[in-house]
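Grab a pencil and work through these exercises with the model open beside you. Try each task yourself before you read its solution.

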Amino acid sequence: MKPPPFQYHDPKTVAEAVGLLGTLDNAKLLAGGQSLMPMLNMRFVLPDHVIDLNRVDGLSYIKENGGTLEIGAMTRQRDVEFSDLVRAKCPLLHQAIMHIGHRQTRNRGTIGGSLCHLDPAAELVSVAMAMDATVVVSGPNGQREIKFADFPAGYLTPSIELNEIVTAVRLPLWPAGHKSAFVEFSRRHGDFAIVSAAALLAIDGGKIARASVTIGGVAVAPVRATDVEKQITGQAPSSDLFRKACESCRSIEAMSDIHASADYRQHLAAVLSRRALEKAAGLAENAPWNRKH
Amino acid sequence: MSEKRAITVTVNGTKYERKEVPVRITLADFIRYDLGLTGTHLGCEHGVCGACTILLDGKSARSCLMLAVQADGHEILTVEGIAPSEDKLHPLQEAFRDNHGLQCGFCTPGMLTTLLEFLRDNPDPTEQEVRIAISGNLCRCTGYQGIVLAALDAAKRMRATPA
């Protein structure tokens, strides 16, 4: 048997799950299982208790609420992928989802699970950072909200208490007609990105009124390229403007691992942020890197 | 020792009631060892190779990344349940046979289950769409060309005779 021994719990309500978290030591929450199950199979984690959230009611939904898109934590990535509401109101999320794993993993993987696992290269984590999302958390003292910028506490570690559960993510929507793009560099389709870039642009009267540029995979959590955002806001979008502005991404503090050196990640950050902006602004139609799929 | 639970699952139309399983056994191991359905293959056992793909309530999933207890009350289709009868293959299987869609056959159960779902959702795919659909299934024989041809041929056959 691959996974180590543990006790299994399948609560039916969030309150029940929170109660279990508060009383059990060394417990792990099981959402879609596309990260935790491999870690259990390889015995990288040895929990005494596994609390399965798959039978908790009411955590799977996508709804719009006064300019905010709210997605339940146990909503499958596949449901987000096929949501007309997401495609219409938050195209960046749809674009990013298409880069996540494969059909079989998106059928199981959840949005809350991905946000809490907080892989530095995870697409959904980048989108949450790019959209200035808010995470809704339930604990013994009720509900609270955490700004996504404050959500990552470190590598694979969200800043929630041991007895708290993420129940939803709220994405403040950008105005209708805004532009967006998600690009990433990975060795094979569906692999973890070495570096990814998400761009959002609101263009008004030929000028960039608002910009959001996020680099994933360079540091322990996605980084907002605030320098780039400042440099391009108020300007007319052009490849030249983006190329110059994105050079600043070479100074983002980057990690180094078996997949890529820090230098290479910084290089990719500059190139991919420029490409994401070009793609969002419609300047990449004929670019050789912009193959349609 | 390890906790056990009784689960009820329907696999390929057969209902298995109150099967006692250790809570930590993966769905893949349950299918292979408890039900004896060894058509579902295990390659990597951490969600990379796709050989163990099954359909859970009609949706493809890696059975090595699920616990058997999670399948309680659900319906599963494995490669053994694809053919309509013992002496007749599914058009998808016929297309694999006719297009040299398998060499050693290890990845085939995962390819078939993945494509069964994909062709149901997208009956007339492009070659590129097929390649992306099977991007989560590794073929160590690197027989992708035959597999892609088989998938496109299967789509044609299935369009001609809808199930």
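**Exercise 1.** How many bridges join S4(A) to strand S5 (residues 68–72) of chain A, and do these strands run parallel or antiparallel?

*Solution.* A bit of housekeeping: this is a predicted model, where local features need pLDDT of at least 70 and side-chain atom pairs count only at pLDDT 80 or more, while totals for chains, interfaces and linings use all residues. Residues are numbered from 1 along each chain as its sequence is written, chains are lettered from A and ligands numbered from 1 in the order in which they are written, and side-chain values use heavy atoms, leaving out hydrogens and water.

Step 1: know the terms. Strands (E, at least two residues) and helices (H or I, at least four) are DSSP runs numbered from the N terminus, and two strands pair if DSSP finds at least two bridges between them.

Step 2: count. S4(A) and S5(A) are joined by 4 bridges and run antiparallel. One facing pair is Ile62(A) with Ile71(A) in S5(A).

**Exercise 2.** What is the strand order of the open sheet of 5 strands in chain A, and which strands are its edges?

*Solution.* Step 1: walk across the sheet. You pass S4-S5-S10-S6-S7 of chain A, with antiparallel pairing.

Step 1: find the edges. Strand S4 (62–65) and strand S7 (142–147) of chain A each pair on one side only.

Step 2: Neighbouring strands are turned by 25° against each other on average, direction ignored; axes are lines fitted to C-alpha atoms, for helices over the stretch in contact, and angles run from 0 to 180 degrees between N-to-C directions.

Step 3: look for a helix. Helix H1 (residues 14–23) of chain A packs on this sheet and touches strand S6 (134–139) and strand S10 (165–172) of chain A. Contact here means heavy atoms within 4.5 Å. The direction of H1 makes about 125° with that of S10(A).

**Exercise 3.** Which residue forms a salt bridge with Arg170(A)?

*Solution.* Step 1: apply the rule, a side-chain nitrogen of Lys or Arg within 4 Å of a carboxyl oxygen of Asp or Glu. The partner is Glu145(A), with the closest N and O atoms 2.4 Å apart.

Step 1: Arg170(A) sits in strand S10 and Glu145(A) in strand S7 of chain A, 25 residues apart, so to speak a link between distant parts of the chain.

Step 2: zoom out. Over all chains, the structure holds 29 salt bridges.

**Exercise 4.** Where do chain B and chain A meet, and how many residues of each are in contact?

*Solution.* Step 1: count residues. There are 33 from chain B in contact with 32 from chain A.

Step 1: get the area. About 2,800 Å² is buried between the two chains, 54% of it on carbon and sulfur atoms. Buried area is the accessible area (1.4 Å probe) that two parts lose on being put together, summed over both. In chain B, Arg24(B), Leu65(B) and Gln70(B) lose the most, together 24% of what that side buries.

Step 2: pick out charges. The rule finds 5 salt bridges across the interface. One of them joins Arg103(A) and Asp121(B) (3.2 Å, N to O).

Step 3: name the elements. Strand S3 (53–56), strand S4 (59–62), helix H3 (108–121) and helix H4 (127–133) of chain B each supply at least two residues of the side touching chain A.
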